[in-house]
Amino acid sequence: MEVYLAQPRGFCAGVVRAIEIVERALEKFGPPVYVRHEIVHNKYVVESLKNKGAIFVEDLSEVPPHAVTVFSAHGVARSVEEEAASRGLPVLNATCPLVTKVHNQGKRYMSKGRALILIGHAGHPEVEGTMGQVPGPVLLVQNVDDVAALTLPADTPVAYITQTTLSVDDTKDIIAALQQRFTDIQGPDIRDICYATQNRQSAVRDLSKLVDVILVVGAANSSNSNRLREIGTEAGVASYLIADGSALNPEWLKDARTVGITAGASAPEVLVDDVIEALRRIGPVKVSVLPGREENIEFRLPAELAAG
């Protein structure tokens, strides 16, 4: 069986930074360290950090007084920051810098008197955090129909921002609908999108031209992993989201001579290796890595950890 690995795949710089913040906090302050929400959407990563002493909570009320607290890569609302401050919790903010950039874009647009529209998925932690960071009403649109349902007059000054786990391709139809709907509209430069989301989606499109089946390594609650699977399916290739090698279903590979593997931005490479090993238990495997965009981006750690 020929196996092709998409390039790039797996961890992005924001995920690497977030995990390192928890690990360094555990080393510097000792366990337990409390993390609000899953630091990234991957069970393997979360369980690994739990074993080192991290405790994951969904609400700050679960954090004891004075306990070191980490905000996840998805970002949080200002109300969460304010609650932590009012309780005097020592906080390390692992929000992805690209998410923080979206927060700042939204604040800037709103300060100029523009109605703000967020393109994203309702209920996603990043969307909830972004809506809670901007000091004013934010209109969430998830699709073109939502744009048509907006009640703002056409000449209203508006601006849009986007969830970082959506690529240019994901949002282009919605942005086009907004530009048709409003006469005075601004949005971020195309260079401001999340490079990792775009690169991984482009890579899986390349992969889909070569293989009979695509396996996307990632968690069921990972937005970007689900989107990679959808792209494979849209390209006409049977595509499956798989947490690790134990979830491999041999029926998926029936009659397949070539298999493509990619991984969501929150999935570690060890899980890709685990899936390859599961394939080897079915039959001989030859693994190749496709050429692709090289990523060299690194984000700085918070100052209190960088020094240690």
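**Helix packing in a predicted model**

Mentor: In this predicted model, helix H8 (residues 195-208) packs with helix H9 (residues 223-234) at an angle of about 30°, and their axes are 9 Å apart.

Trainee: Why are H8 and H9 called roughly parallel?

Mentor: Angles under 35 degrees count as roughly parallel. The angle for H8 and H9 is about 30°, and they are therefore roughly parallel to each other. The crossing of H8 past H9 is right-handed.

Trainee: Which residues make the contact of H8 with H9?

Mentor: H8 contributes Arg200, Gln201, Val204 and Arg205, while H9 contributes Arg227, Leu228 and Ile231. Sorted by class, these are 3 nonpolar, 1 polar and 3 charged residues.

Trainee: What describes two packed helices?

Mentor: The angle between their axes and the distance between the axes. For H4 and H5, the angle is about 35° and the axes are 9 Å apart. H4 passes H5 in a right-handed crossing.

Trainee: Which residues of H4 and H5 make their contact?

Mentor: On H4 they are Val99, Val102, His103 and Lys107; on H5 they are Glu126, Gly129, Thr130 and Gln133. By class, this contact has 2 nonpolar, 4 polar and 2 charged residues.

Trainee: What makes a residue of H5 buried, and which residues are buried?

Mentor: Buried means under 20% relative accessible area. In H5 (residues 125-133), Pro125, Glu126, Val127, Gly129, Thr130 and Gln133 are buried.

Trainee: What do the buried residues of H5 pack against?

Mentor: They pack against helices H3 (78-86) and H4 (97-111), and against strands S6 (115-119), S7 (138-141) and S8 (158-162).

Conventions. Residues are numbered from 1 along each chain as its sequence is written. This is a predicted model: local features need pLDDT of at least 70, side-chain atom pairs count only at pLDDT 80 or more; totals for chains, interfaces and linings use all residues. Side-chain values use heavy atoms; hydrogens and water are left out. Axes are lines fitted to C-alpha atoms, for helices over the stretch in contact, and angles run from 0 to 180 degrees between N-to-C directions. Helices (H or I, at least four residues) and strands (E, at least two) are DSSP runs, numbered from the N terminus. Angles under 35 degrees count as roughly parallel, over 145 as roughly antiparallel, 65 to 115 as roughly perpendicular and the rest as oblique. A crossing is left-handed if the near helix is turned anticlockwise from the far one by less than a right angle, and right-handed if clockwise. Contact means heavy atoms within 4.5 Å. Ala, Val, Leu, Ile, Met, Phe, Trp, Tyr, Cys and Pro count as nonpolar, Asp, Glu, Lys and Arg as charged, and the others, Gly among them, as polar. Buried means under 20% relative accessible area, exposed over 50%, partly exposed in between (1.4 Å probe, protein chains only).
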